[in-house]
Amino acid sequence: MIQTKGLVLDTSALYYGKDMPPEFELVISPGVVRELDREGMKERLELLLATRIKVLSPSKESLTKVIAESEKTGDSRRLSSTDKEVLALALDLGYQLMTDDYSIQNLAEVLGVSYEGLEQKGIRKVFHWEFRCVGCGKRFDSDVTECDICGSPTKTKRKKR
Ligand SMILES: [Zn+2]
């Protein structure tokens, strides 16, 4: 089934508290630690850190690659810096990513990072986002936050192919 030595976990993977298979090394990023802390999960986090979870930072190279690809697919705005960190970490280590976040899964697909969702089935196809002005309806292919015609903000939508 899973062809990997380890798993990189995002915040949602820890939040739902699912037990991970004991044979894998488990890795999270510093951003995940911060998010769990913020969500009042400190006790659970301490327990995890005391047992089997390692905290590692991704390389700058991988992070740069993740950021560049997220801008191409349009996922950039949907991804937090922590999301980008865990993607870069999975890329560095060659580990499988455990996440339920569709934008993370989408980018993992683009980057050739294997992933598995905890609840839903992972996406099969890579999709792109389009950006649409909420004022005049103009469509943009790239991540534009403000319409150049009327100055209204844009909304993201999954692009139909
Ligand atoms: Zn507009």
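Two strands are taken as paired if DSSP finds at least two bridges between them. On this basis the predicted model contains an open sheet of five strands in the order S3-S2-S1-S4-S5, with parallel pairing. Strand S3 (53-55) and strand S5 (115-116) stand at the edges; each has a single partner strand, so one side of each lacks a neighbour in the sheet.

Strand S1 (residues 6-9) pairs with strand S2 (residues 25-28) in the parallel sense over three bridges. Pairing between S1 and strand S4 (residues 96-98) is likewise parallel, over three bridges. Val8 takes part in both pairings: its bridge partner in S2 is Val27, and its bridge partner in S4 is Leu97. In a regular strand, side chains alternate between the two faces of the sheet. In S1, Gly6 and Val8 point one way, whereas Leu7 and Leu9 point the other way, and all are buried. Further along the sheet, S2 and S3 are joined in the parallel sense by three bridges, with Val55 in S3 as the bridge partner of Ile28.

Helix H3 (residues 42-51) lies across S2 and S3 and runs at about 95° to S3. On the H4 side the contact is formed by Lys65, Val66, Glu69, Ser70 and Thr73, which meet Asn106, Leu107, Val110 and Leu111 in H6.

The model also includes a zinc ion, coordinated at 2.3 Å by the SG atoms of Cys133, Cys136, Cys147 and Cys150. The donor residues follow the sequence spacing C-x2-C-x10-C-x2-C. Cys133 belongs to strand S6 (residues 129-133), while Cys147 lies in the loop between strand S7 (139-140) and strand S8 (154-158); the pair therefore ties together parts that are 14 residues apart in sequence. Both of these cysteines are buried, Cys133 with a relative accessible area of 4% and Cys147 with a relative accessibility of 3%.

The angles subtended by the four donor atoms around the zinc ion run from 96 to 120°, which makes the arrangement tetrahedral. The criterion for four donors is that all angles lie between 85 and 135 degrees. For reference, the ideal angle for four tetrahedral donors at a metal is 109.5 degrees.

Notes
Residues are numbered from 1 along each chain as its sequence is written. This is a predicted model: local features need pLDDT of at least 70, side-chain atom pairs count only at pLDDT 80 or more; totals for chains, interfaces and linings use all residues. Side-chain values use heavy atoms; hydrogens and water are left out. Donors are N, O and S atoms within 2.8 Å of the metal (3.2 Å for Na, K and Ca); water is not among the atoms, so sites may look incomplete. Four donors count as tetrahedral if all angles lie between 85 and 135 degrees; four count as square planar and six as octahedral if opposite donors are over 155 degrees apart and all others between 65 and 115; anything else is irregular. Helices (H or I, at least four residues) and strands (E, at least two) are DSSP runs, numbered from the N terminus. Buried means under 20% relative accessible area, exposed over 50%, partly exposed in between (1.4 Å probe, protein chains only). Contact means heavy atoms within 4.5 Å. Axes are lines fitted to C-alpha atoms, for helices over the stretch in contact, and angles run from 0 to 180 degrees between N-to-C directions.
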